[in-house]
Amino acid sequence: MRLSKLILEPANTSAVPKTDSIDNNDWRPAASLEVIKIRATLLARIRSFFEQKGVLEVDTPALSRFGCTDPAIESFRSGYRGPHSADGLPLYLHTSPEFFMKRLLAAGCGPIYQLAHVFRNGELGGKHNPEFMMLEWYRPGMDHHALMDEIDALLAFTLDGFFDYQPARRISYRRWFLEATGLDPWSDRVSAFRQFAEQQLASVPASMDDTELDPWLDLLVTHWLEPRLADQVLFVVDYPPSQAALARIREDSVAVAERFELFLNGVELANGFHELADAGQQCQRFKNENRLREQSGQTVVDYDEHLVAALQSGLPACSGVSIGFDRLVMLAAGLSELGAAIPFPFQRV
Amino acid sequence: MATYSTNEFKGGLKIMQDGDPCSIIENEFVKPGKGQAFSRVKIRNLKTGRVIERTFKSGETVEAADVMESDMQYLYNDGEFWHFMDPETYEQIAADATAVADASKWLKEQDVCQVTLWNGVPISVITPNFVMLTVTETDPGVRGDTSGGGGKPATLETGAVVRVPLFIDVDEVVKVDTRTGEYVGRAKD
């Protein structure tokens, strides 16, 4: 398929709904026709890229009996009632197609990708929409560095003509913090991070205490490090083990999680892992996350027993990554609000 | 004590910060994909007018500020307080010099101002954008010079001093932009 060159015009910004209001009083799409065409172009290019690479497109259910245990991610809850379930079966809308895709990988499907709408409750703002599209893919036999090379290639191909994408510089999470704050997340005390935040930021949330480091790291990433990445393309690699999520842990001089994130012009665009394949560790992480949920008064979530079983049966060594597709459109079209990159953002549903 | 959670934040919401009533100007949701969510807000201190930035963890609550903005008519100054009246209820309130601040030099009896009340007490007064005031003192007008070039100081009935064109005389009524303190024109009859 030949892609015609699109003429970019500024989006009709007056049509972009304000994120601090959810007044639903306009039938029209919020994205301009130009932006809707850019979405189509990027989707077609992504599919063409993976076809050339021999990566299989899959699609998996959005509804699952299991939810996301990560305390920082809330699933939408739904339910089924009807034949075979007179009492009703609780169901979650997926927050990522990851678990189904890993079950496919464990079944021997080889490299796969998916373009999926995913759902996260409570996330609405200039860079967030509760329903968004995720590009997720898995590469058996690749470590996270080989996958980062492929991300560079995919983005250069996909953004051609929209954004001059150059392969991203890679920096370890540790060095990133050391260079920006002088602090080492692996050895400095929580109080040192608090002190830095109190001195450098306009304000720090009153309810943050010294019991946990991660909220302070998140505060500094969002309020100090990310804002310094304007006009940069950067992979941040090897996260603190407390932020491993679903990445495997590597024992270097210090333990690091083989997780990475891609920041493009200060926007968090991709998150990837050298995937954890150990069923026992996976089960432990699910339980730990539910314990954290219990401690903070959040609802405990049914964790995915099928994923644990799939890992027990054997997940091939692989890396996987997800890219926020709507944010990619936003960057390609030069928009500053995510709502202008989505035909019908939350304010119009 | 009424409170708001971060989920209720939006432009115009009145909250207490550092003991002062404030108004939210802008609210931004900030969250790493797999991390803590924050509300980053710009707020205006309604007593000082100063704009500051504040970050809250999502789910935190803040005390609500009992703030009301109402249109009130300026009645008179008794030497210490400026008295205003609600044109609908005829209720009168007295604002002190801190609340009236710079607005005092534009306050003319009968003019309708926006008075901000916190717990029923006035904390700020905003005069209309344009006011009509009589010149009480200025150098004699230069007849025939309507160019407006140069200009001269003129004292108005409220005590404010503005630059006016040379042709303006004592007892003339001039229109002034209270936001800039600049002469706009002569009052049309």
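## A predicted two-chain model, chain by chain

Chain B has a mean pLDDT of 92, with 95% of its residues at 70 or more. This is a predicted model, and its scores are ipTM 0.90 and pTM 0.86. Among the elements of chain B, strand β8 (residues 82-85) has the highest mean pLDDT, at 97. The lowest belongs to strand β16 (residues 182-186), at 93.

**Chain A overall**

Start with the big picture for chain A. Its secondary structure comes to 9 helices and 12 strands. The C-alpha trace spans about 55 × 50 × 45 Å along its principal axes. How does the radius of gyration of chain A fit with a compact globule? For 349 residues such a globule would come out near 20 Å, and chain A has 21 Å, which agrees. Of those 349 residues, 42% count as buried. If you take the contacts in chain A between residues at least 6 apart in sequence, 68% of them join residues at least 24 apart.

**Strand β11 of chain A and its partners**

Now zoom in on strand β11 (residues 267-274) of chain A. This strand is mostly covered, with 7 of its 8 residues buried. On one hand β11(A) pairs with strand β10 (residues 255-264) of chain A, and on the other with strand β12 (residues 318-324) of chain A.

| Strand pair | Sense | Bridges |
|---|---|---|
| β10(A) and β11(A) | antiparallel | 6 bridges |
| β11(A) and β12(A) | antiparallel | 5 bridges |
| β7(B) and β8(B) | antiparallel | 4 bridges |

The hairpin of β10(A) and β11(A) has 2 residues between the strands. There, A:Asn265 takes a positive phi near 50°.

**Nonpolar cores**

In soluble globular proteins, nonpolar side chains tend to be buried together. Here the largest nonpolar core has 69 residues. Which residues have the most contacts inside it? They are A:Ile151, A:Leu262, A:Val329, A:Ala333 and A:Ala341. Leaving aside residues up to four places away in sequence, A:Leu262 touches A:Ile151, A:Ala168, A:Phe235, A:Leu269 and A:Ala270. Apart from that core lies another, of 23 residues, and B:Ala99, B:Ile123, B:Leu133 and B:Val176 are among them.

**A sheet in chain B**

Over in chain B there's an open sheet of 5 strands, in the order β9-β8-β7-β10-β11, with antiparallel pairing. Strands β9 (92-95) and β11 (121-126) of chain B stand at the edges; each has a single partner strand, so one side of each is left without a neighbour in the sheet. From one strand to the next, the twist averages 45°. Strand β7 (residues 67-77) of chain B is joined to β8(B) by 4 bridges. B:Asn77 stands opposite B:Trp82 in β8(B).

**Where the chains meet**

How many residues does each chain bring to the contact? Chain A gives 28 residues and chain B gives 20 residues. On the side of chain A that touches chain B, α6 (214-225) and β11 of chain A each supply at least two residues. The largest share of that side comes from α6(A), with 6 residues.

Definitions and conventions: Residues are numbered from 1 along each chain as its sequence is written. Chains are lettered from A and ligands numbered from 1 in the order in which they are written. This is a predicted model: local features need pLDDT of at least 70, side-chain atom pairs count only at pLDDT 80 or more; totals for chains, interfaces and linings use all residues. A residue is buried if 20 or more other C-beta atoms lie within 10 Å of its own, exposed if 12 or fewer, and partly exposed in between; C-beta atoms are placed from the backbone. Two strands pair if DSSP finds at least two bridges between them. A nonpolar core is a set of buried Ala, Val, Leu, Ile, Met, Phe, Trp, Tyr and Cys residues joined through C-beta atoms within 7 Å. Two residues are in contact if their C-beta atoms, placed from the backbone, lie within 7 Å. The radius of gyration is taken over C-alpha atoms; the globule rule is 2.2 Å times the number of residues to the power 0.38. pLDDT is the predictor's confidence in each residue, from 0 to 100. Axes are lines fitted to C-alpha atoms, for helices over the stretch in contact, and angles run from 0 to 180 degrees between N-to-C directions.
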